[in-house]
Structure formats: C-alpha cells, structure tokens
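Trainee: I am new to this structure. Can we go through what its terms rest on?
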Amino acid sequence: MNSLIGLELTRALRNRKFLFFSVLYPSVLFLLIAGSADSTTKVDGTGLTLPTYMMVSMASFGALTAVLMGNSERIAKERESGWVRQLRLTPLPGRGYVLAKTASAAVVSLPSIVIVFVVAATVKGVRLDAWQWLALTGAIWAGSLVFAALGVAIGYLASGDAVRPITMITYFGLSILGGLWMPTTTFPDWLQDIAKWAPTHAYAALGQAIEQSQAPHAKDIAVLAVFFALFTGGAAWLYRKDTLKA
Amino acid sequence: MTTTASVVAFDQVSKTYGTVRAVDGLSLTLHPGETVALLGPNGAGKSTTLDLLLGLKQPDSGTVRVFGTGPREAIVAGRVGAMLQSGGLMDEVMVAELVRLACALHPKPYPANDVLARAGIAQIADRKVNKLSGGQAQRVRFALATAGDSDLIVLDEPTTGMDVTTRQAFWATMREQADQGRTVLFATHYLEEADAIADRVLVLHRGRLLADGTAAEIKAKAGARRISFDLRDSIDEAALRALPFLTHLDVSGHTVRIQSADADATVHALYGLGAYPRNLEVAGLGLEQAFVAITEAEEARTR
C-alpha cells in the first residue's frame with residue numbers, strides 16, 4: 001500500500017492547482033481577513049485576538065480543503081474511469097485504496113496547517129507556547145480525519161458532474177457554519193444555534209481551546225466523534241454498495 | 001497443487017440483472033496451459049462471466065473457483081493477472097510509475113523495466129497516462145496484467161482500439177505469455193483472432209455456453225462446408241431443401257448457397273436431382289460464419 005500512497009503523493013505534488021488551493025490559499029485568506037486587524041482587538045467571548053482566532057480557523061480550513069477535496073472528487077472520478085475496478089484486480093486490500101487516498105491527503109494538509117502558523121507568527125506576531133503550537137498542529141491534523149471520511153463518503157455517493165457541486169456546497173456550508181471564515185458570534189442567533197452543532201465548529205473549537213490554554217471541551221470532542229462515526233459508517237456502507245454493483 | 005487441477009471452474013453459475021439473465025447456469029472448466037477464446041455477440045454475457053471469474057461480481061447461484069479457491073484469494077496470491085475493458089488507469093502519472101506500482105503490488109513481481117519492454121511501451125515510459133492513444137492505453141493495461149508471474153492471464157477485448165499492425169504485434173506478446181505455460185483466457189469479437197490464437201473456443205450466447213471446442217470443431221459443428229452455385233433453370237426449392245446433410249439454404253435469384261455437414265454427399269445428391277449447377281464452389285466455413293450459424297440456430301430454437 002505504501003507504493004500507492006507514494007504515487008498518490010507524487011501526483012498531488014505535481015498538481016499545482018490543488019497545491020495552491022490546499023496549501024497556500026488558507027494563508028492568503030488569513031492575510032486578507034486578519035491583515036488589517038490590529039493585534040489587540042478581541043473576538044467576542046473568546047478572549048483571543050482576531051489574528052490568533054483566525055489562525056486556527058484558517059489552519060482548520062486548509063486541512064479541510066486538502067482532505068475533503070482530495071478525497072471526494074478523485075474517488076468519484078476514479079470510480080467512473082474504472083481505476084478503482086482495475087485496483088481490485090491487484091492484491092491490494094479493498095480499503096487500501098481509501099486509506100492511501102486519505103494518507104496522501106493528510107500529508108498535503110500538514111504543510112497547509114504549518115504555513116498558516118508560520119505566516120501568523122511572522123506577519124501578525126501571534127505568540128503561543130511551544131506545547132500549544134505542537135498541540136494545535138496535532139489536534140487540527142488529527143481532526144481533519146473526520147472530513148477525510150466525509151470526502152470518501154461523497155466520493156462513493158456522487159458521480160460525474162454531481163460530485164463537484166455537492167463537494168462545493170458541503171465545503172462552503174461547513175466552512176461558514178463552523179466559523180472558519182468569520183467568527184460565528186457575528187451570526188444571527190438562530191444560525192449560531194445551528195452552527196454550534198456543525199462538525200467544523202467543534203473542529204475549530206479544539207484549536208481555540210488550546211490557544212486559551214484549556215483542554216478541548218468534551219462536547220466538541222463528542223460532536224467530532226459522532227460525526228466521525230457517521231461519516232466513516234456512511235463511507236463504509238457506500239463503499240460496500242459500490243463494490244457489489246461494480 | 002497438482003498439475004491436473006483446474007485453473008478455473010464454473011459450476012452452474014447464474015447472474016441476473018433485474019429480469020435479464022446475464023449468465024444462465026454456466027458450467028465450464030479451464031485447464032493449465034490452455035489459450036482460450038471467449039466468443040459471443042454483444043450482450044452474450046462475456047463481461048459478466050469475466051467479472052464473476054475475477055470476483056468483481058458475486059453469482060446469484062452456483063460456484064466460481066479459481067485455482068481451487070475463491071477468485072479474490074487467487075488474486076491476492078498473485079496467481080491471476082487481468083485487464084478489463086472497463087479498467088481505467090490512474091491519470092496524471094507516468095506510464096513507468098503506474099507499471100512500477102503494479103509490480104510493487106504483485107506478490108511475485110517482474111522487474112518493471114522488463115514489464116515495460118515486454119508490453120512494448122518502454123519508449124512511452126515517461127508519458128503521462130492520460131495523454132495516450134487508445135491502443136497505447138491498452139498496452140499499459142496489458143503491462144499491469146503481466147506485472148508479475150501469474151498463472152492465469154485474463155484479457156477482455158484486449159486489442160480494441162489497436163490498428164492491424166499493433167494488433168499483430170500485441171498477439172505475438174500474448175503468445176509469449178502462453179508459451180511460458182500460462183493459461184490465457186481472452187474475450188474477443190475478432191473471430192480471426194480466436195481462430196489464429198486460441199487452442200480452445202467457448203461460444204457464449206445469452207449467458208449460456210453454446211459451443212466448446214477447437215476452432216475446427218466449432219466450424220464443423222456449424223456445418224462444415226459452404227456450397228454455392230448458379231442454376232439457369234427454375235429452382236425447385238423444396239427439392240433443394242431435401243438434399244442430404246443440408247443445414248442451411250439461401251436462394252437469391254439464380255444463385256444458391258448451401259451449408260452442409262457433408263459436402264460430398266450433398267453435391268452428389270444435387271447431381272442426382274438432374275440439376276446442372278454452374279460455377280460450383282465448395283469451401284470451408286470460416287469461424288465467423290460458423291459463429292453466425294451457431295447463434296442463429298440457437299435464436300431460431302429458442303424463439
């Protein structure tokens with residue numbers, strides 16, 4: 001399976017468009033949003049400055065982009081082209097394909113997280129303890145697995161022309177609801193109530209808790225765990241259905 | 001594993017899609033070292049048969065064994081290499097990278113450079129997979145199917161998209177595989193391919209095995225000979241139809257075409273009718289006509 005991960009990675013690194021959107025775009029967006037903010041304004045109810053707050057949002061957004069986009073469109077396309085069938089004629093175990101896709105997406109998502117951190121620290125002077133930087137990287141990276149599973153599920157659910165709009169709607173919906181682009185405190189109350197339960201909201205909240213020197217909230221971890229179980233279960237079911245049909 | 005064991009064994013295998021019986025009570029056995037052609041018109045069940053053989057589909061009833069185990073186990077053990085018409089290729093990677101992947105995944109791999117050379121794609125090794133012509137892509141698929149020392153090679157319409165010269169070159173490569181003692185099963189609709197390469201031909205029609213034998217036996221089964229001649233006088237069709245060993249009669253204008261299981265007896269009886277046939281020709285039936293005759297007879301029987 002390592003050979004497949006290697007080849008998936010080689011391919012991802014060659015794809016400049018994908019690299020730009022998953023690795024550099026979050027940092028560019030961070031600078032656009034946090035660029036004009038001074039480093040003392042606090043985001044309501046968090047005790048964090050806007051650059052600190054947006055740093056976690058954009059790192060989460062970058063990881064989300066890499067794993068969701070990396071999985072859903074490619075899997076749908078390769079199901080259609082028959083590459084998935086061809087791989088089933090090799091000794092590679094069935095789930096090996098999905099694991100290889102997720103692993104290579106995770107390798108791409110790591111630099112996107114780190115680059116946002118580097119830009120935030122150097123350009124906007126965000127300062128955290130060493131353990132916080134490490135914990136943030138680990139939490140955001142590990143949390144992205146939830147969305148990798150969602151990407152796999154979408155990849156096996158939709159095909160052809162449908163996959164891109166479905167991915168985009170999910171992607172923008174989750175990004176906005178999770179407060180990755182702007183703090184959810186700016187939303188009307190009813191939307192805030194919904195947003196609280198979005199997996200992306202819980203995802204970003206992990207990082208914010210670490211920035212506040214707290215342990216992540218049990219509720220956020222529970223929300224992420226439930227969505228992870230849901231997405232993985234859905235992906236496994238859709239995968240099996242597709243395998244029987246093919 | 002003993003040498004007499006079967007390579008592939010289908011026992012009463014059926015597969016239905018909705019109301020269509022794609023494969024209908026199919027039983028067949030492939031033996032080590034055979035080169036077998038799977039022939040049949042579109043919709044005969046060739047692709048479904050191969051999918052069942054490779055474990056891509058599960059039969060509704062009956063059993064499929066490959067080297068005495070389930071298809072998936074045989075693939076995991078590296079005993080089966082296959083290329084499917086519907087098998088896509090990973091895009092945005094180079095040919096050599098893809099072949100190296102196939103070698104890495106195979107339990108008994110050959111060196112990637114050998115695989116590339118043998119499939120005749122060494123000179124396009126650094127091309128992007130998505131920039132290949134149809135024939136080149138077929139060769140890459142072939143390379144993936146022969147990346148390791150498999151005992152059975154399964155090919156679904158392997159020469160689709162190739163021109164005549166590359167097709168012939170391809171079959172030379174294919175024959176090398178068979179000469180190394182491998183069992184080769186290929187589905188095709190090019191009958192001359194089956195005739196020239198296979199030492200056994202399976203004719204599939206509506207999911208059932210219609211004929212199983214050498215190309216020569218299949219031709220014999222269809223009525224061995226074709227007889228054609230012109231008659232100047234009026235033609236008594238009833239009398240012609242009553243000729244011995246006649247299997248097929250076609251009268252158009254003054255020209256009569258007959259297929260016969262025993263041409264000598266038929267021609268002898270023809271003169272016995274007092275007829276004076278001109279431009280008489282007796283020729284062997286090509287596999288193509290044999291194939292048409294067999295499937296037509298079956299259509300007529302089941303109608």
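Mentor: Start with the word core. A nonpolar core is a set of buried Ala, Val, Leu, Ile, Met, Phe, Trp, Tyr and Cys residues joined through C-beta atoms within 7 Å. Keep in mind that this is a predicted model.

Trainee: Which residues touch the most other members of the largest nonpolar core?
Mentor: They are A:Met55, B:Leu39, B:Val99, B:Ala143 and B:Val154, in a core of 145 residues. Helix H3 of chain A, residues 50-81, gives the most to this core: 16 residues.

Trainee: What makes B:Ile227 part of a second, separate core?
Mentor: Membership takes a buried residue of a listed type, joined to others through C-beta atoms within 7 Å. B:Ile227 belongs to a set of six residues that also includes B:Leu246, B:Val256 and B:Val267.

Trainee: What does B:Leu39 touch, leaving out residues up to four places away in sequence?
Mentor: Contact needs C-beta atoms within 7 Å. B:Leu39 has such contacts with B:Thr188, B:Leu191, B:Ala194, B:Val201, B:Leu202, B:Val203, B:Leu204 and B:Phe291.

Trainee: Why do strands E1 and E2 of chain B count as a pair?
Mentor: Pairing takes at least two bridges. Seven bridges join E1(B), residues 8-17, to E2(B), so the two strands pair. They run antiparallel. B:Val8 stands opposite B:Leu30 in E2(B).

Trainee: What makes E2 and E4 of chain B edge strands?
Mentor: The order in this open sheet is E2-E1-E4. E2(B), 20-30, and E4(B), 61-66, each pair on one side only. The twist averages 25° from one strand to the next.

Trainee: Which helix lies across these strands?
Mentor: Helix H1 of chain B, residues 46-53, lies across E1, E2 and E4 of chain B. Helix H1(B) runs at about 60° to E2(B).

Methods: Residues are numbered from 1 along each chain as its sequence is written. Chains are lettered from A and ligands numbered from 1 in the order in which they are written. This is a predicted model: local features need pLDDT of at least 70, side-chain atom pairs count only at pLDDT 80 or more; totals for chains, interfaces and linings use all residues. Helices (H or I, at least four residues) and strands (E, at least two) are DSSP runs, numbered from the N terminus. Axes are lines fitted to C-alpha atoms, for helices over the stretch in contact, and angles run from 0 to 180 degrees between N-to-C directions. Two residues are in contact if their C-beta atoms, placed from the backbone, lie within 7 Å. A residue is buried if 20 or more other C-beta atoms lie within 10 Å of its own, exposed if 12 or fewer, and partly exposed in between; C-beta atoms are placed from the backbone.
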